Amino acid sequence: MPIETIFGNLQGLKHSQQKQLQRLYHQRIPGDSFTTPEFAQRLAAISSEINQPVCAYLNRRGQVIRVGVGTPRKTQIPLTELPRYGAERLSGIRCIATQLKPEHPSDGALTAMALQRLDALIVINITGTGFQRRGGGATGYVKEAYLAHLAPQDARTLITSQNPQLETSDYFSPSWSVSPPMSLDALSKQDFLDLVEGLEEEFQREFVGKEVDSNRDRVVIVGVVTQKDTPQRFQDTLQELGRLVDTAGGEVLQMMRQKRSRIHPQTVVGEGKVQEIALSVQTLGANLVVFDRDLSPAQVRNLEAQIGVRVVDRTEVILDIFAQRARSGAGKLQVELAQLEYMLPRLTGRGQAMSRLGGGIGTRGPGETKLETERRAISRRITRLQKEVNQLQAHRERLRQRRQHREVPTIAIVGYTNAGKSTLLNALTNASVYTADQLFATLDPTTRRLVVPHALTNEAQEILVTDTVGFIHELPEALMDAFRATLEEVTEADALVHLVDLSHPAWLSHIRSVRDILAQMPVTPGPGLVVFNKIDRANSETLALAREEYPMAVFISAYERLGLETLRERLGQLIQYAAASG
C-alpha cells in the first residue's frame, strides 16, 4: 500500500484535509521525546478542523509510520503487521491520539495499547475547536495530555499459569499506568527511551521467570459452548483438549470459554472475546491458540490477524500427535496422508475447484503461482499415498486370510484412547508394546498369540489378540479415511474386547463415542465383550454403577494384573459364541 495511506474513517473529508493528514508522514520528532509541543499542536489543529479524533503512530526513531482518523481502538495496527511482538518486550511503536472532549483515556484506547504492546499512548485533550485560523478552517489548542504505558503484571499471571481452568473473566485485567493530566512542556521534558528501556528490562525478567521450557509451545485453549452442549460434556471436551495439547508437547497456560447461541461465521467467538484472547496471549507470552472445534481456513486467517499468533484447531493437534507417535512405515504413511488431506483445502487461494491442471489448453503462459504449484504437488502426493494405503490394505487382507485359513480366531481390543489397551496386551501375552499415560501413546496395531481355555472342553486353545489405535470423541474424518487399513483389523476380527477406563470421569461418554465410531465401520464388527479397566483407581460408587449398567462385563486392572484369569475364561467363551453365531 502507499506509504502515505490514511487509515480509519475518511468519509466526508475534503481533499485538502486528507492532504494535511498525509503531510504528517513527513514529520519527525527527537527519538528520546514522547512528542514535541509543535507536533502535538499540529495534530490538535487537524483534529479540530475535521472534528474527529486523529492518531499518529511513531517508531523509536521518531518517524510517523501510520496515521489514522478515529480512536486508537479503530485505527490500531493489525498484530501481524507489528515489527516486534511478544510478552517479553514492547512493539517499538508509540501512539499520539487526540480527543475532542477533555476526559481520561478510555478503556478502549488503553486496551488497544495493551493489545499492540505500544511503547506508550499519549492522549491529547483539545479545546477551542471553534476558533478560525488564518487561511480558513477551525483550529484548537492542547489543553492537557495523559501519558499511559504498560506495567509489568503482578502475581495474577502466576495464578493463571498454575490454574488454567480459571476463566479469563475471573481474574484478568490488563496492567497499565496512566499519569495525571500534564502540560505539553512537562510531557516533552520526559525521557521516552529511558522509560521504554526500563519497562522492557522488567518484562524480560518477568518473562524469563515464567518460562519453563522455551522449546514447548505456550498454549491458550479456547472452548465454545452452544445450546446443544451439556455443561459436563463441554467441560470433559475442554479437559481432554488440554491433555491432547500436553501430549503434543505444549504447555497449557490458560483455558478460555464463551457461551454462544451459534458459532460466529468469521471468528467462531465474538469480537470482544477475540480481543480478550489477544490480550491474554500477549500478557501470558503464549505463541499458540487452540480451539476446541474444527476451524475453516477463513476463520483461521481472521483469528490469526486479530490475535497475532498461530491458531490451530483440535484436529490439527491430533494430527500432530499422530505424526509424533507413528513408528512403522505403515503408520507414517497413513499419518502423512491424513495431514495432506487436511492441509489441501486450507491452502490460501482460489480453492481446489479453480486450480489449473498443469498441462493443456489454458495452462500455458507466464507460469503458475507458487500456491498453484504447491496445491498440485500435494494432490499428486495424496494420490500416490492413497495407492500405497490400498496396497497396505491388500497386504493386511492377505495376512488375515492366511490366519483364517489356519482357523486361528482373532480378537481386536478397541477402546477410547488411554484406556489401557497396550497395557492389557502386554499383561496377557508378555508383549513389549510401548505404554504411557498419554493419549494415543501407540498407533500401530500389534498382534500377539494368546492361549485361553476352550469354553466347552476347557482345553487350551490359541487365539490372536490385536491392539488397535485408540478412538476419541469425534475422531477426525481425515484420520478415519487414512487409517482405514488399520481400522479394518477391527471389522475383520472374530470378536471385540471393548476396553473402558473406569477411573475416567467421562467413562460413560467414552463408551458412547467408541460405539458411535464402530457404527460407522463399513463392515459390522463381531460380538463384543465390555471390559472395565483400572478398577484399582475407581471409587466404589462408580464400580457399583458400572456393575448395575453392565452386568455381563469383566472388571480388571491390567497394570496390577487383577482379574486377568477371569478375562481369559471369558475370552474363550467369546470366541465360541462368535464361532456359533458366525
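Glu462 comes out as partly exposed in this predicted model, with a relative accessibility of 39%. Its salt-bridge partner is Arg449, and the closest N and O atoms of the two sit 2.3 Å apart. The pair links distant parts of the chain: Glu462 belongs to strand β14 (residues 460–467), Arg449 to strand β13 (residues 446–453), and 13 residues separate them. Arg449 is partly exposed too, at 44% relative accessible area.

The side chains of Glu336 and Arg381 meet in a salt bridge, with an N to O distance of 2.8 Å. Glu336 sits in helix α13 (residues 329–343) and Arg381 in helix α14 (residues 370–405), so this bridge ties together parts of the chain that are 45 residues apart in sequence. As for accessibility, Glu336 is partly exposed at 27%, and Arg381 is partly exposed at 26%.

Arg218 and Glu251 meet through their side chains in a salt bridge of 3.9 Å, N to O. Here, too, distant parts of the chain are linked: Arg218 is in strand β8 (residues 218–225) and Glu251 in strand β9 (residues 251–259), 33 residues apart. Arg218 has a relative accessibility of 5% and therefore counts as buried. Glu251, with a relative accessible area of 16%, is buried as well, because the cut-off for that label is under 20%.

What does the side chain of Thr98 make a polar contact with? One partner is the side chain of Ser47, at 2.8 Å. The Thr98 side chain also reaches a backbone atom, namely the nitrogen of Val54, at 2.8 Å. Ser47 and Val54 show up again among the residues in contact with Thr98 once neighbours within four places in sequence are left aside. That list also takes in Leu43, Ala44, Gln52 and Pro53, along with Ile124 and Ile126.

Terms used. Residues numbered from 1 in each chain as written. Predicted model: local features only at pLDDT ≥ 70, side-chain atom pairs only at ≥ 80, totals over all residues. Heavy atoms only, no water. Polar contact = N/O pair within 3.5 Å; in protein donor to acceptor, adjacent residues only side chain to side chain. Contact = heavy atoms within 4.5 Å. Salt bridge = Lys/Arg side-chain N within 4 Å of Asp/Glu carboxyl O. Helix = DSSP H or I, 4+ residues; strand = E, 2+ residues; numbered from the N terminus. Buried < 20%, exposed > 50% of the residue type's maximum accessible area, 1.4 Å probe, protein only.
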